[in-house]
Amino acid sequence: MIHISSDAARHCIHLSNGRVSYVIHFAAGRYPVHIYWGKALRDVQDNTVVRRTGRKSSTLDLNETPLDRLPQECPVFGCGDMREGMLQARHADGTEALELRAVNYRVEDGKPELPGLPSARGEGARTLVLTLRDEASGVEADLNYTLWEDTDVIARSAVIRNTGSTPVTVEKALSFCLDLEDSDYDLLTFQGAWAREREWTRRPLVMGDQGNGTVRGASSHQANPFLVLSRPGCTEEAGECMGFALCWSGSFLANVHVDQFRAARVMMGIQPFDFSWTLGPGESFTCPEAYLAWSGEGLGGLTDSFRALIHGHLTTGAYARTERPILINNWEATYFGFDEEKLLSIARKAKEMGVELFVLDDGWFGKRDSDNCSLGDWTDDLRKLPHGLKGLSEKIHAMGLKFGFWVEPEMVSPDSDLYRAHPDWCIHAGNRPRLENRNQLVLDLTRPDVRDYITETISAAIRRADADYVKWDMNRNINMIGSAYLPPEKIRELPVRYILGVYEVMRRITAAFPQVLFESCAGGGGRFDLGILSLMPQGWTSDDTDAWMRCRIQYSTSLLFPPSAMGAHVSAVPNHQTGRVSPLATRAAVAMGGTFGYELDPTKLSDEEIEAIRGYNRRFRDWQKDLFYGRFLRLRSPYETDECAWMTVSPDGKRAAVTHVYRDGSPNEIPGLLRLRGLDPDADYRDTDTGAVYGGDELMYRGLPLYGRQGDYSCRQFFLEKTEEA
Ligand code: GLA
């Protein structure tokens, strides 16, 4: 039962879903300050709101007790709070002061739409909309707080409105601020690089600024719009922690500032660097949604809450809650060097192995024999495919396989018919040289004609191919920002308008083809965020397909994203990114931690390998729904040990799958024990491969017996089923 109550005497609003509470108090009856977020409270007593100031806040005098000393829900610089604020706006007279006072609130069932932005759905939710107003300028802000019955996530977003009579320039528009009592937390961030995405990095908070962010125009390989604060000593299963994730795919800021009183201020939202947005009278700007999860049961509790949010309220489309086809992608098998016969030979072999979907990657259009041309020309290359996508797709479909293909809709190659016809359609800074990256330029998605062109050409290709699947790639970031379309005063809106344009074309195309499975990609995991996930239910996690690197990348990614979201393929050895050789069984086991498929040339596999792959595919088919939608638990961290282990408990609690990998071989070791979690201590479980039976209590409190370290990157999977109850 969601309960949003106000207490006029104490000037408080208390939001609760029975498990967590969030309490806002109005200092001096008008400034919203943060009182509490954590395990559900029954009520808020008078004494609770007497804080920091040492006196009843209803008597607050800003001259004596500036807002600088108070935890706030929507801080702005310039009204006594000397810290960086969440919103900033420049008025027509050049000044920037704001004094936002609470003037109104309402409680709604569900949640408000955020125009143009992806956001979670509001089934089983209630929302508090708190309106603040700066009387002198007419600038207003709505703060939205949504709680759901079935997940301990609070969605927050903000809308800024100009109700005045002159234009206002928004200089900073973050989605939320959370001011905590103290800073006795570790900060966990997920930064990285191409092929090394989302490295798990944990360190104690220190005074000053810290966090994560990017100015690249995409959420990026280098950063991820996700932060965790955890009490020191918080583990996977015990301790208090908070997770903060943004539903936004562009440049962002995720900052934690520890102030003079050692209190932490967490803020996240659209990157303010190089951003501004002019609001004429009556206009408004909506900030992307952020999700705040609180757990009293360790990091695993955050994963549980985010999984419930993602599967219950965020992902959309026919594949959001279902099984997905096991695919084979030809990229690492052929790169650009293929013809129809080669593709068909891969598909035939893949079909024999039990694969269900053939994906044609880059190189099928224009005259693209390398990455130096043709992006934007979405016409079939008849040299490679004499009967076009249509002919190939018909042959693949006739084999009983589904068919999908790769596109990179947001880009244009200077060597393309599109660029020759429309040199102004790319993002460029006036007459300066157009900086290429991977030999390509970024299309200006602020332009309606560009968005229409993308929608029409990509839709035509999907129709022509009668496609079942599309891989939507994006392989470079934006710089030299400028547009032949936007007027000079709107150039600083471009990075945000670009992403809104991406969302629009993605929405138009995915809506036109509801039966097609869309997988996002950005040179691997360069735009792996909840914004894109809400439009496409899976994303290519990383271009790094090496099994051990994938242990690391998928382990850290799993804190926020369920396996159903993580594209993962078995590739050839030596691995193309790292040169490592790991056993086929290990590569398969790790790929089963994600959406599962292949990225290799099956015609080069031995009969034994084909036989083994048939077995992996049967296994995955049998377990896929449990692995995708069950409870994912991290057991042993590849960031802290030379092992990696995770497990999933099926939604009905009857089955559990465990994956364990050793990085290093080592002689003469005694096999250890791996403590499992999430099982029923009173039930027995049978290992479906060996028949061995263990008590759930033994498996959790003593551990599952492991195996010898034979060879590097060795691995075991354990598939356990509850025995029939006596
Ligand atoms: C990106 C993707 C790869 C592949 C290539 C094709 O790097 O991440 O998976 O599709 O582009 O050019």
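Buried means under 20% relative accessible area, exposed means over 50%, and partly exposed is what falls in between. Keep that handy for the tour. One more thing before you click: this is a predicted model.

**Stop 1: Tyr 335**

Select Tyr 335. You'll find Tyr 335 in the loop that runs between helix 2 (331-334) and helix 3 (340-353). Check the backbone while you're there: phi is positive, about 50°, although Tyr 335 is not a glycine.

**Stop 2: Tyr 713**

Now jump to another tyrosine, Tyr 713. Its phi is near 60°, again a positive value in a residue other than glycine. Tyr 713 lies in a loop too, the one between strand 38 (704-705) and strand 39 (714-722). Is Tyr 713 buried or exposed? With 12% relative accessibility, Tyr 713 is under the 20% cut-off, so it counts as buried.

**Stop 3: a cis peptide bond**

Next, select Val 573 and Pro 574. The peptide bond from Val 573 to Pro 574 is cis, and omega is near -10°. Pro 574 belongs to the loop between strand 30 (570-571) and helix 10 (584-591).

**Stop 4**

His 14 has a relative accessible area of 5%, so it is buried. Which side chain does the side chain of His 14 make a polar contact with? Show Ser 21 as well: the two side chains are in polar contact at 2.8 Å.

Then take Phe 26, in strand 3 (residues 20-27). Phe 26 is buried as well, at a relative accessible area of 9%. Draw a distance from the C-alpha of Phe 26 to the C-alpha of Tyr 335, and you get 60 Å for two residues that are 309 apart along the chain.

**Stop 5: domains and the core**

Color the protein chain by its domain assignment: domain 1 is 3-307, domain 2 is 326-467 + 469-514, and domain 3 is 643-722. The C-alpha centres of domain 1 and domain 3 are 40 Å apart.

With those colors on, bring up the largest nonpolar core, which has 152 residues. Which of its members touch the most other members? Select Phe 244, Leu 360, Trp 364, Phe 405 and Tyr 598 to see them. Helix 7 (residues 494-512) gives the most to this core, nine residues. Because domain 1 (3-307) and domain 2 (326-467 + 469-514) both supply residues to the core, it lies between them.

**Stop 6: the ligand**

Finish at the ligand. How many residues surround the ligand? There are 13, and the closest are Asp 361, Asp 362, Arg 438, Lys 471 and Asp 543. Sorted by class, this shell has six charged, four nonpolar and three polar residues.

Now for the distances from ligand oxygen atoms to side-chain N or O atoms:

- Asp 362: 2.6 Å from an oxygen atom of the ligand to an N or O atom of the side chain.
- Arg 438: 2.8 Å, between a ligand oxygen and an N or O atom of the side chain.
- Asn 475: 3.3 Å, for a ligand oxygen and an N or O atom of the side chain.

On its own the ligand exposes 310 Å², and the protein buries 96% of that.

Terms used
Residues numbered from 1 in each chain as written. Predicted model: local features only at pLDDT ≥ 70, side-chain atom pairs only at ≥ 80, totals over all residues. Heavy atoms only, no water. Near = heavy atom within 4 Å. Polar contact = N/O pair within 3.5 Å; in protein donor to acceptor, adjacent residues only side chain to side chain. Areas by Shrake-Rupley, 256 points an atom, 1.4 Å probe, with all protein chains shown as cover. Nonpolar A, V, L, I, M, F, W, Y, C, P; charged D, E, K, R; others polar. Domains from an automatic or database assignment. Core = buried A, V, L, I, M, F, W, Y, C linked by side-chain atoms within 4.5 Å. Buried < 20%, exposed > 50% of the residue type's maximum accessible area, 1.4 Å probe, protein only. Helix = DSSP H or I, 4+ residues; strand = E, 2+ residues; numbered from the N terminus.
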